[in-house]
Amino acid sequence: MNETIVTYFAKFEWYKSLVKALTEMLGFNAEPLMVFLFFFLAAFIVVNVMAVTAGLATYAERKISADLQLRMGPNRVGPYGLIQFLADGVKFIMKEGIIPKSADKFLFTLAPILCLAGVLGSLTVVPYSSGFILSDLDIGLFFLIGISSLVGLGIFLGGYASNSKWAMLGGMRAAAQIISYEIPVVISGLSCVLLAGGLSFTTLIEAQTGFPQGWFVFHNPFTFIGFFVFFIGGLAETNRAPFDLPEAESELVSGYHTEYSGMRFAFFALAEYIEVFVVSGVAVALFLGGYNVPFGLGGDGILGQFLQLGAFFSKTLALYYVVIWFRWTLPRLRVDHLMTLCWKYLTPIAIFNLIGTGFWLYGFEGKSLFELLFKSGAAAAGGGH
Amino acid sequence: MFGNILFLVSALFSVLGAVGVVATKNIMHACVYLLMSLIGVAGLYLTLGADFVAATQLVVYVGGVVILMVFAVMLTGGADSQKSNRFGIKKTPMMGSIGTYIAGGISAILASYIVIFRLLPKVFEAQPVNSTMAFDKTVEKIGMLLVSDHVLAFEISSVLLLGALVGAAVIARPKRN
């Protein structure tokens, strides 16, 4: 059965007493109502926290890029310019949403919504901690791949519906890029599924430990390469630099969202920044130990949950920093280089990694490199007597 | 309660999407309505407890087939199809001849007979929707069945897909003079 955030809270006494009190007050079984309310509340909190994280990420992006280029960055609104993103959000809301006269109005309004819906849907299975996961589906990773494919369609339809050649080219590039890079990402993720023996994120994370020697990235040489393949492919799927061809400013004005303004543009931007968080979070969950805390500090209670949240968020935000760092360091790839990288390098490497991981599992009975080294070292030192 | 709501929403999605595909004149809009219908079908799979099939529906149809269809429509210039008269529908208000009308009428009667008298009673007799939404794990079972009982079908379909892949590469390859 799938674990959810509601089944986590249902273990506590106060939840049961709350259900009991509500049942007595309302006169009918309040269990489904409570489940609905808790899911609604949890989803509300997750979406809002993610929106604020995305907002702060735009601030971080501007500050870090300013740092890398010896500039100041935003520093007028609030202390250190911290609430600059709120001012930007207010501006987005106040702006007039313009739809070009010859655009396809139905698709033009639908595209940003599809984009955001795909990203927010993928938040369902992102494991923040062992209890705070909206729904730990048995098909977690597969569900994530499925629901996030809406993003590619949204971007492509946005480019098509704008009826502008720049948007059109950007949308076509985005669709080709997202479909192509899904393959190395999925195959390198699959090697972790092999090691853990399950698709659900809790299974994947429980198979790792809080310390780096238990992480899948250091499990064997194949997963070590696989992590980089996964991360590069994930970068390309979120259309971030150096893979930001769909919105290449120097060639295509602004790519697929050239004709968008106001909140519709904000939806695209929000979707991109949340998707970077999701990709970093999934990379952390698959390869970098996820929410595991060393020594299981904090136990099973609420304190442990918050420590796990801290572990997950600090690793994810560190990867987020790397993504921003890449953007302001590396130049953009050319279109043919992009496809060459995907089909001639990343995909064969990912397939090789998958087969190699399979052989490793068969040959060393699933032991990690550290276990093997420690065992042989102990044997050489005369241990085991 | 959740099961019923999920069933109603996804059934509404799939039916409305299917009606939209037929009703709209713009072929791109038809693709998007088809997407809506396919998502509704994925929801129907979920109500039946087949979560893996639902996710596969999303991956294959939403992520692959619909994008490919939109691509194909766009690259073949289908965007202004509402202006052109490609299928001759506007030219001939009375499509078809007496023969096609007779065949269509008989098949319509047959189909409605099967739906009303054979299928619908079974639908109403069928099990009620799973109300607790507590499902068994399906992924392991599907995996075991794929490599044990249905290994031949699995291998044949993988060879077929490999053939399609090689064929596409051969067709797309630039010709050397």
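This is a predicted model: local features need pLDDT of at least 70, side-chain atom pairs count only at pLDDT 80 or more; totals for chains, interfaces and linings use all residues.
**Entry 1: chain B as a whole**

I started with the secondary structure of chain B. I counted six helices and zero strands. Read from the N terminus, the order of elements is α-α-α-α-α-α.

Next I looked up how much of chain B is covered. Chain B has 177 residues, and 22% of them count as buried. Its accessible surface is about 12,500 Å², with 75% of that on carbon and sulfur atoms.

I also checked how far apart in sequence the contacting residues are. Among contacts in chain B with a separation of 6 or more, 58% are between residues 24 or more positions apart.

Is B:Ala23 buried or exposed? B:Ala23 has a relative accessible area of 58%, and the cut-off for exposed is over 50%, so B:Ala23 is exposed. I found B:Ala23 in helix α1 of chain B, which covers residues 2-23. From B:Ala23 to B:Val53 there are 30 residues in sequence and 28 Å in space, C-alpha to C-alpha.

B:Val66 sits in helix α3 of chain B, residues 51-75. Its relative accessibility is 2%, and buried means under 20%, so B:Val66 counts as buried. Leaving out residues up to four places away in sequence, I noted which residues B:Val66 touches: B:Cys31, B:Leu35, B:Leu38, B:Tyr61 and, from the other chain, A:Leu153. One of these, B:Leu35, is 31 residues from B:Val66 along the chain, while their C-alpha atoms are 6.6 Å apart.

**Entry 2: where chain A meets chain B**

I found zero salt bridges between chain A and chain B. One residue pair is in polar contact, with both residues at pLDDT 80 or more.

**Entry 3: a nonpolar patch on chain A**

I looked for nonpolar surface on chain A. There is a nonpolar patch of about 1,100 Å², and its residues include A:Met25, A:Phe28, A:Phe36, A:Phe44, A:Ile45 and A:Val49. Helices α2 (13-26) and α3 (31-68) each supply at least two residues of the patch. The largest share, eight residues, comes from α3 of chain A.

A:Ile45 lies in helix α3 of chain A. Its relative accessibility is 48%, so A:Ile45 counts as partly exposed.

**Entry 4: salt bridges**

I counted six salt bridges over all chains. In one of them A:Asp88 pairs with A:Arg62, and the closest N and O atoms are 3.2 Å apart. This pair links distant parts of the chain, with A:Asp88 in helix α4 (residues 84-94) and A:Arg62 in helix α3, 26 residues apart. A:Asp88 is partly exposed at 23% relative accessibility. A:Arg62 is also partly exposed, at 36%.

The side chains of A:Glu272 and A:Arg240 form another salt bridge, 3.3 Å from N to O. A:Glu272 is in helix α11 (residues 262-287) and A:Arg240 is in the loop between α9 (221-237) and α10 (249-252), so the pair ties together parts 32 residues apart in sequence. Are A:Glu272 and A:Arg240 buried or exposed? Both are buried. I also found A:Glu272 and A:Arg240 in a network of salt bridges with A:Glu61 and A:Arg327.

Last, I looked up the salt bridge of A:Arg334 with A:Asp336, where the closest N and O atoms are 2.7 Å apart. A:Asp336 has a relative accessibility of 39%, so I put A:Asp336 down as partly exposed.

Conventions. Residues are numbered from 1 along each chain as its sequence is written. Chains are lettered from A and ligands numbered from 1 in the order in which they are written. Side-chain values use heavy atoms; hydrogens and water are left out. Patches are made of residues with over 30% relative accessible area and no salt bridge: like charges are joined within 9 Å, nonpolar side chains (Val, Leu, Ile, Met, Phe, Trp, Tyr) within 5 Å. Accessible areas come from the Shrake-Rupley method with a 1.4 Å probe; for residues, only the protein chains shown count as cover. A salt bridge is a side-chain nitrogen of Lys or Arg within 4 Å of a carboxyl oxygen of Asp or Glu. Helices (H or I, at least four residues) and strands (E, at least two) are DSSP runs, numbered from the N terminus. Buried means under 20% relative accessible area, exposed over 50%, partly exposed in between (1.4 Å probe, protein chains only). A polar contact is a pair of N or O atoms within 3.5 Å; within protein, one must be able to donate a hydrogen and the other to accept it, and residues adjacent in sequence count only if both atoms are side-chain atoms. Contact means heavy atoms within 4.5 Å.
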